[in-house]
Amino acid sequence: MKNLLIHNFGAGPCILPESVLNRAAEAVKRWDVTGLSILEISHRSSAFEEVMKETERLVRHLLNVPDNYCVLFLQGGASLQFCMVPMNFLQGGKKEAVYLDAGFFGAKAIKEAQLFGKVNVIASSKEQGYAYIPKDYTIPEDAAYFHCTSNNTIEGTEMTRFPVTNVPIICDMSSDIFSRPVDISKFALIYAGAQKNTGPAGMTLVIAKNKFLDSVKHPVPSMLDYRVYRDNGSMYNTPPVFAIYTAMLNLHWLKSKGGLKQIGQENLAKAQLLYDEIERNPMFYASARWEDRSLMNVTFRMHDQGGEAEFLKYAEQQGMVGIGGYRTVGGFRASLYNALPYESVTALVHCMNTYAEKHHVNVVPVY
Ligand SMILES: *Cc1c(COP(=O)(O)O)cnc(C)c1O
């Protein structure tokens, strides 16, 4: 059993439910009726084919995926999607792709797209340290697609609204997929590296409108062609068997908890508790502008930045794991993914309170 005094605020790979870890561990030792491990079973076995089908069913059920969309399981992380998207939908065409520059990962996607065609960066908050999501822009009608990131994992901002346009919207949802209800029908394609709310690292989830995939007219290498995954049930080559199996367990857990509406409420309560403390504790301030603050990754700093290392050490002594900010950003980031219990946020808030007390700073208690 895990040490109960540890609170895992890691940004990804991140906390998974204890019950999922236990079942995955059992399956590593002995999984199917013959006694084989999940690690040594053929991906073509009927038992594993059922895992593929069940995982797809769970994705479709939880996200309410429309029938004219396919659900694909790929590899290469979200980062491979940065080049796979333009390779399929920008290359070979005359249209430009439109990108929103609202965070570190979105900027990486822009860099890759520029290898394949004309990229129009329609708006950017880079000069302001990506502290907010730009909203004042108009997407040209004739663009090949519009690319955005729903949750900026490093900066701690999240899109609550998406532009209304006839241009196909492609969205990197790596760090807030399955955290709240989302209307898939608004998007032409979404992708997500699994290691934030879906399961362990090693699998990338793609959900795409079939018609959008069929609009690709130029040849694309098989392993980078979405249609090859679709037409082969995501088994053109060996899929990441264990990652998909564990994702299936995790999505089952999510379904049994009541699905996205329920988890969305719980995630909101966790984020509110922490943002409230950041607001009320005079030692800290939130890094992101309030209207765009992420419910998944809460970024904050200390007014006395020289004291941040000391607080980090103090928090670690109290069992807080993974609250250091991204290596190029500094400060703090507490990731509140689905499996993180409310009690862990209470513990972090308590830690911020007692730290302030230790420094004779007066904080009105939150609970
Ligand atoms: C984590 C993350 C990525 C990178 O994912 P990899 O699977 O490591 O390639 C990309 N985009 C977002 C929004 C992320 O949170």
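Which helix gives the most residues to the shell around the ligand? Helix H3 (residues 77–89) does, with four residues, where helices (H or I, at least four residues) and strands (E, at least two) are DSSP runs numbered from the N terminus. This is a predicted model, in which local features need pLDDT of at least 70 and side-chain atom pairs count only at pLDDT 80 or more, while totals for chains, interfaces and linings use all residues. Residues are numbered from 1 along each chain as its sequence is written, and side-chain values use heavy atoms, with hydrogens and water left out.

The ligand is surrounded by 13 residues, of which the closest are Ser79, Thr153, Asp172, Gln195 and Lys196; a residue is counted here if one of its heavy atoms lies within 4 Å of the ligand. The shell divides into three nonpolar, eight polar and two charged residues, with Ala, Val, Leu, Ile, Met, Phe, Trp, Tyr, Cys and Pro taken as nonpolar, Asp, Glu, Lys and Arg as charged, and the others, Gly among them, as polar.

An N or O atom in the side chain of Ser79 is 2.6 Å from a ligand oxygen, a polar side-chain atom of Lys196 lies 2.8 Å from a ligand oxygen, and a polar backbone atom of Ala78 is 3.1 Å from a ligand oxygen. Taken alone the ligand exposes 390 Å², and the protein buries 85% of that, as computed by the Shrake-Rupley method with a 1.4 Å probe.

We turn next to the aromatic rings. There are 16 aromatic pairs, meaning rings of Phe, Tyr and Trp (its six-membered ring) whose centres lie within 6.5 Å, with planes under 30 degrees apart counted as stacked, over 60 as edge-to-face and the rest as tilted. One of them joins Phe311 and Tyr355, whose ring centres are 5.0 Å apart and whose planes meet at 70°, so the pair is edge-to-face. Because Phe311 lies in helix H9 (residues 308–317) and Tyr355 in helix H10 (residues 342–358), this pair ties together parts that are 44 residues apart in sequence.

Finally, consider the backbone. Most residues other than glycine have a negative phi, and most peptide bonds are trans. Phe178, however, has a positive phi of about 65° although it is not a glycine, and Phe178 is placed in the loop between strand E8 (169–172) and strand E9 (189–193). A cis peptide bond, with omega about -5°, joins Gly12 and Pro13, and Pro13 lies in the loop between strand E1 (7–8) and helix H1 (18–29).

Key: Polar contact = N/O pair within 3.5 Å; in protein donor to acceptor, adjacent residues only side chain to side chain.
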